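Visitor: Can we go through this one together? I'll ask as I go.
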Amino acid sequence: MTDTNKQTGLLLVISGPSGVGKTTITREVIKRLDAQFSISMTTRPQTQSDTDGLDYMFVTEDIFKQHIENNDLLEWAEVFGNHYGTPRKPVDEALASGRIMILEIDVQGAIDVKKNMPDAYGVFILPPHEDVLLKRLRDRAREDEAIIQKRFNKAKLEITMAKESNVYDLFVVNDVLEDAITKIVTAVKAEQTKRNA
Ligand code: 5GP
């Protein structure tokens, strides 16, 4: 800790395949670490479970392109034909004020973030078994079967990419939800303590 007692901010990247329980885990980690959530910008259609301005900022392709041109995005990626990106300013501000900023983004995005910000701490959430993913994707009944299959195939690819990427400091299996949350919270607190020592 410095003599001003100011904590160093920490950029926490959380990734994991669709249906792994990422959103549930992230929401709880935010509460327990008093962290800030990075609201991504996306061109994907809003679903019933999304709140605009809270879960995502839903924008048109034109507006998204404008933000890329203005260099407003820390990273962006195309996922299932839609664009998703992390607004840069809130991340810079949160880190400057010593907070933990959480990015819930895919592996491509995490690789880009790590290139620009090598101090980012990466967590990847794994399913207990691949079959669990398919079941969870179907249970949430958010998309039709063709999209579910696309998400399932991408999920399998993402797990392989994540393991080979060198971006993630921690891999957590979401078997028992509470255990997964505790593991992440404990690891991030330990990392913060180490960095502030
Ligand atoms: P969903 O449409 O299910 O909310 O998100 C699809 C995927 O896009 C998830 O893997 C999610 O983590 C990822 N994602 C959400 N926001 C961003 C972002 O700002 N950048 C990147 N690269 N991926 C994102």
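**Sheet and ligand site**

Guide: Start with strand β8, residues 121-126: β8 and β9 pair in the parallel sense over four bridges. Bear in mind that this is a predicted model.

Visitor: Which residue in β9 does Val123 stand opposite?

Guide: Val123 stands opposite Leu170 in β9.

Visitor: And what is the strand order in the open sheet?

Guide: The order is β2-β7-β1-β8-β9, five strands in an open sheet with parallel pairing.

Visitor: Why is one side of β2 and of β9 left without a neighbour in the sheet?

Guide: β2 (36-37) and β9 (170-173) stand at the edges and each has a single partner strand, so one side of each has no neighbour in the sheet.

Visitor: Switching to the ligand. Which residues come nearest?

Guide: Ser40, Arg44, Tyr56, Glu75 and Tyr84 come nearest, out of 16 residues around the ligand.

Visitor: What is that shell made of, by class?

Guide: Seven charged, five nonpolar and four polar residues.

Visitor: Which strands each supply at least two residues of the shell?

Guide: β5 (73-79) and β6 (82-87) each do that.

Visitor: How much of the ligand does the protein bury?

Guide: The ligand taken alone exposes 510 Å², and the protein buries 95% of that.

Visitor: Which pocket is it in, then?

Guide: The ligand takes up the space of the largest pocket.

How values were computed: Residues numbered from 1 in each chain as written. Predicted model: local features only at pLDDT ≥ 70, side-chain atom pairs only at ≥ 80, totals over all residues. Heavy atoms only, no water. Near = heavy atom within 4 Å. Areas by Shrake-Rupley, 256 points an atom, 1.4 Å probe, with all protein chains shown as cover. 1 Å grid on protein atoms, 1.4 Å probe; cavity = no way out; pocket = protein on both sides within 12 Å on 5 of 7 lines; lining within 4 Å. Sits in = over half its atoms within 2 Å of the grid points. Nonpolar A, V, L, I, M, F, W, Y, C, P; charged D, E, K, R; others polar. Pairing = 2+ DSSP bridges.
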